[in-house]
Amino acid sequence: MENNLSIKQKCYCCKNEYAESDKFCGTCGYPLQATDIEKKKFSFKYVANLHEKEVVLARIKEARIILYVIAAFTTIQGLVVYFKEPDVALISINLIIVAIYVGLGFWATKKAFAAIFIGGIMYVSLILLNGFIDPSTLASGILIKILFIAAFVRASYGAYIY
């Protein structure tokens with residue numbers, strides 16, 4: 001037979017169980033023995049933090065998708081160039097770049113900020129390198145380049161907060 005001190009109740013915020021004698025929820029920190037105003041303030045902050053976390057995770061997911069899309073574009077571009085002018089060295093470099101982007105996409109699940117930041121720096125560096133080799137490449141697809149860079153910045157910020 002259990003005594004009253006071991007009866008488990010559910011937390012208002014996270015729905016995890018706590019003992020009646022607990023002052024705070026062991027999972028989310030909800031003040032179990034606080035005033036109603038303090039409980040409401042905590043609840044609002046808790047919900048806001050959950051929403052912010054969801055937004056940040058969505059931005060990280062967007063960045064992972066961008067890394068994979070850039071890998072796909074790089075693959076297609078490499079194949080088009082290869083079929084126009086078969087150059088094993090050039091297609092090899094493209095495939096290495098593709099592998100790096102795909103690897104960064106997978107790594108973003110564990111180290112989001114580092115992977116997204118490196119992917120963004122690599123993307124901008126490759127644009128600048130191509131622009132140095134052939135200045136006409138800077139203007140081609142400028143809108144897509146700007147959108148990708150903006151997405152990297154947005155995702156890096158979200159990952160940094162996370």
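**Terms and values in the predicted model**

Reader: Why is Asn94 called buried?

Author: Asn94 has a relative accessibility of 14%, and therefore counts as buried; the term means under 20% relative accessible area, with exposed over 50% and partly exposed in between (1.4 Å probe, protein chains only). This is a predicted model, in which local features need pLDDT of at least 70 and side-chain atom pairs count only at pLDDT 80 or more, while totals for chains, interfaces and linings use all residues. Residues are numbered from 1 along each chain as its sequence is written, and side-chain values use heavy atoms, with hydrogens and water left out.

Reader: Where does Asn94 lie, and which residues does Asn94 touch, not counting residues up to four places away in sequence?

Author: Asn94 lies in helix α2; helices (H or I, at least four residues) and strands (E, at least two) are DSSP runs, numbered from the N terminus. With residues up to four places away in sequence not counted, Asn94 touches Thr74, Gln77 and Gly78, where contact means heavy atoms within 4.5 Å.

Reader: What makes Ala139 and Gly26 exposed?

Author: Ala139 has 57% relative accessibility and so counts as exposed. Ala139 lies in helix α4 (residues 136–139), and its C-alpha atom is separated by 57 Å from that of Cys11, 128 residues apart along the chain. Gly26 is exposed because its relative accessible area is 77%. Gly26 belongs to the loop between β2 (17–19) and α1.

Reader: Why are α1 and α2 called roughly antiparallel?

Author: The two helices pack at an angle of about 170 degrees, with their axes 8 Å apart. Axes are lines fitted to C-alpha atoms, for helices over the stretch in contact, and angles run from 0 to 180 degrees between N-to-C directions. Angles under 35 degrees count as roughly parallel, over 145 as roughly antiparallel, 65 to 115 as roughly perpendicular and the rest as oblique. α1 and α2 are therefore roughly antiparallel to each other.

Reader: How do the residues of the contact of α1 with α2 divide?

Author: They divide into 16 nonpolar, six polar and one charged. Here Ala, Val, Leu, Ile, Met, Phe, Trp, Tyr, Cys and Pro count as nonpolar, Asp, Glu, Lys and Arg as charged, and the others, Gly among them, as polar. Among the residues that meet are Thr74, Gln77 and Gly78 in α1 and Asn94 and Tyr101 in α2.

Reader: What makes α1 and α5 oblique?

Author: α1 and α5 pack at an angle of about 140 degrees, their axes being 8 Å apart; they are therefore oblique to each other. The contact includes Ile60 and Ile70 of α1 and Phe152 of α5. Its residues divide into 15 nonpolar, one polar and four charged.

Reader: How do you know that α3 and α5 are roughly antiparallel?

Author: The axes of helix α3 (residues 112–133) and helix α5 (residues 142–161) come within 8 Å and cross at roughly 155 degrees. α3 and α5 are therefore roughly antiparallel to each other. Ile116 and Tyr123 of α3 and Phe152 of α5 are among the residues that make the contact, whose residues divide into 14 nonpolar, three polar and one charged.

Reader: What makes a set of residues a nonpolar core, and which members of the largest one touch the most other members?

Author: A nonpolar core is a set of buried Ala, Val, Leu, Ile, Met, Phe, Trp, Tyr and Cys residues joined through side-chain atoms within 4.5 Å. The largest has 22 residues, of which Ile60, Ile70, Tyr101, Ile116, Tyr123 and Phe152 touch the most other members. Two or more residues of this core come from each of α1 (36–84), α2 (88–107), α3 and α5, and α1 gives the largest share, seven residues. A second, separate core of eight residues includes Cys14, Tyr18, Tyr30 and Leu32.
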